[in-house]
Amino acid sequence: MQTEHHHRSSNERSALAEPSRPAVLASGAAPCLVEQFPAEKVNPRERSMGMADNVVATYYYPPMEVAAAELGQTAGSKLDDDGRNKRTGTMWTASSHIITAVIGSGVLSLGWAIAQLGWVAGPAVMLLFSLVTYFTSSLLADCYRSGDQSTGKRNYTYMDAVNANLSGIKVQICGVLQYANIVGVSIGYTIAASISMLAIKRANCFHGNGHADPCKVSSVPYMIIFGVAQVFFSQIPDFDQISWLSMLAAAMSFTYSSIGLGLGIVQVIANGGVKGSLTGISIGTVTPMQKVWRSTQAFGDIAFAYSYSLILIEIQDTIRAPPPSESTVMKRATMVSVAVTTVFYMLCGCMGYAAFGDAAPGNLLTGFGFYEPFWLLDVANAAIVVHLVGAYQVYCQPLFAFVEKWAAKRWPDSTFVTSEVEVPLFRTYKVNMFRATWRTAFVVATTVVSMMLPFFNDVVGFLGALGFWPLTVYFPVEMYVVQKKVPKWSTQWVCLQMLSLGCLAISLAAAAGSIAGVKSDLKVYHPFKT
């Protein structure tokens, strides 16, 4: 769950959601999770942050009561058919949004993933995921408008599209999965940020004491530091809407991704050749069963790196009005962006494997395949930390907002829930006690879980498995079938269902591999001590 950012006009507002991050504030969630709030119009400025970390939550404006056609020719020339400011996005701007959204910290595990699968299956699986992502994204693009692709009602978020096309238990499951994904990715971000901070400490230790020094350092203090920072940042109103946050996150993700790629290329040159084998890590280095589980876990790592379906609708909402239709433009943008991303991923993953072979680290920048130049490693890992500090906040905003909105409706007369108090040291800053308590409790809980299960690859693989089939494949397929009225048991319907079932099998295998990895790691890891 890969973030990275998108910009729209200064009149528009949005929050971010990664990688896979769900856009699920007011009009999105399921009845079992949310008392359905009135559908409100949105004008999102997408931002997304890391670990294919990638997602966009949306803050909503009240619906406009006057249609554009009723505003006269002058006003109409500045507004689209839904009464909002005229969209100006093109294929190239949409492509850039997707690329910056997708490329995140998930790229750091691709070398390890290729190492499990080998030179044949590794690139083939990556190509397979890219093709599935492109195809299902094209299906999802057709769901931006309900009905006619040029004049139908717009759906502004992924959940808007789900609500417009599906109903009942499917909508509820989608809401549950999106919130579960937020919790999971917040844990993943905590782990990734802490091991990057730890890597800076160890890199300096190795540089000063030599590579023979074990330089053993616990990750627990760094998780606590990250957690304390998140407690503070979570109390800042509209932190996720700070104007320069998008640019900073995009710069950070490209910084550490490029450094990882560059170091891999340099290591291959230093080795005097390419390491690795056709079938990946060899039996003997790992047991046959470990080989199976690690291979399936690699599927989850690759799936996580490609997850961006949750923000596709928001990005499509930036494209100028027809002709051509937004879906036509979005399909072209998806083809360009998936092609560029796949080339970059192939380079990063294959160079990581070529540099280290079977010993490819789970995280290219923190596994200490590289020791020098230590200052460049410090820069890369610092970029990861800065990126994930912001990513954590923007990713969690939809969940924060949902719980706070639900509590306000559940206990409207509670002063603890609805009232604000002024902070004595900052007279202009008011604190809602429920918000402060709930957000602090959430950060503490995710930090504690991260301390108990600080396994980067396992968590990334599980998150990739959790989001890939339902959010990238199943719901887009089901929405397309309803939108296009595909006849049941027709050839097209059967093919789509076979694709969905095949991807379900991949997700289940990836989840099983990640869980097996956690069980294996727990045999040698002692929570709060190791």
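Predicted model: local features only at pLDDT ≥ 70, side-chain atom pairs only at ≥ 80, totals over all residues.
User: Thanks. Which residues is Thr440 in contact with, leaving aside its neighbours within four places in sequence?

Analyst: Those would be Val231 and Gln235. Thr440 and Gln235 are 205 residues apart in sequence, while their C-alpha atoms are 8.5 Å apart in space.

User: And where does Thr440 lie?

Analyst: Look at helix H13, which covers residues 433-452. Thr440 has a relative accessible area of 27%, so it is partly exposed.

User: What else is in H13?

Analyst: Met452 has its place in that helix too. With 38% relative accessibility, Met452 counts as partly exposed. Met452 also belongs to a nonpolar surface patch of about 410 Å², together with Val444, Val448, Val449, Leu453 and Leu522.

User: Which element gives the most to that nonpolar patch?

Analyst: That is H13, with four residues.

User: Now a change of topic: is helix H9 enclosed or open?

Analyst: Helix H9 (residues 309-316) is largely enclosed by the rest of the structure, because eight of its eight residues are buried. Among them are Ser309, Glu314 and Gln316.

User: What about pockets? How much space lies in the largest one?

Analyst: About 1200 Å³. The lining of the largest pocket has 35 residues, and Pro454, Phe455, Phe456, Asn457 and Asp521 lie nearest its centre. Helices H5 (169-209), H8 (288-306), H14 (456-483) and H15 (491-522) are the elements that give two or more residues to that lining.

User: Which of them gives the most?

Analyst: H15 does, with six residues in the lining of the largest pocket.

User: And what is the volume of the second largest cavity?

Analyst: The second largest cavity has about 30 Å³. Its lining is made by Val107, Leu108, Ser257, Gly260, Leu261, Cys348 and Leu364. Helix H7 (residues 245-271) provides the largest share of that lining, three residues.

User: Let's move on to charges. How many salt bridges are there?

Analyst: The count comes to six. In one of them, the side chains of Arg87 and Asp317 meet at 3.0 Å, N to O. This pair links distant parts of the chain, 230 residues apart: Arg87 is in the loop between H1 and H2, and Asp317 is in the loop between H9 and H10.

User: Are Arg87 and Asp317 buried or exposed?

Analyst: Both Arg87 and Asp317 are buried.

User: Which residue does Lys331 form a salt bridge with?

Analyst: With Asp142, and the closest N and O atoms are 3.0 Å apart. Lys331 lies in helix H10 and Asp142 in the loop between H3 and strand E5, so the pair ties together parts that are 189 residues apart in sequence. Lys331 counts as partly exposed at 27% relative accessibility, whereas Asp142, at 7%, counts as buried.

User: And Arg145, what is its partner?

Analyst: Arg145 forms a salt bridge with Glu326, with 2.9 Å between the closest N and O atoms. Here strand E5, holding Arg145, is linked to helix H10, holding Glu326, and the two residues are 181 residues apart. Salt bridges that share partners join Arg145, Arg154 and Glu326 into one network.

User: One last thing: what is phi of Lys485 near?

Analyst: Phi of Lys485 is near 55°, a positive value in a residue other than glycine. Most residues other than glycine have a negative phi. Lys485 lies in the loop between H14 and H15, and Lys485 is exposed, with a relative accessible area of 66%.

How values were computed. Residues numbered from 1 in each chain as written. Heavy atoms only, no water. Buried < 20%, exposed > 50% of the residue type's maximum accessible area, 1.4 Å probe, protein only. Contact = heavy atoms within 4.5 Å. Patch = residues over 30% accessible without salt bridge, like charges linked within 9 Å, V, L, I, M, F, W, Y side chains within 5 Å. Areas by Shrake-Rupley, 256 points an atom, 1.4 Å probe, with all protein chains shown as cover. Salt bridge = Lys/Arg side-chain N within 4 Å of Asp/Glu carboxyl O. 1 Å grid on protein atoms, 1.4 Å probe; cavity = no way out; pocket = protein on both sides within 12 Å on 5 of 7 lines; lining within 4 Å. Points joined across faces, edges and corners; volume = space filled by probe spheres on them.
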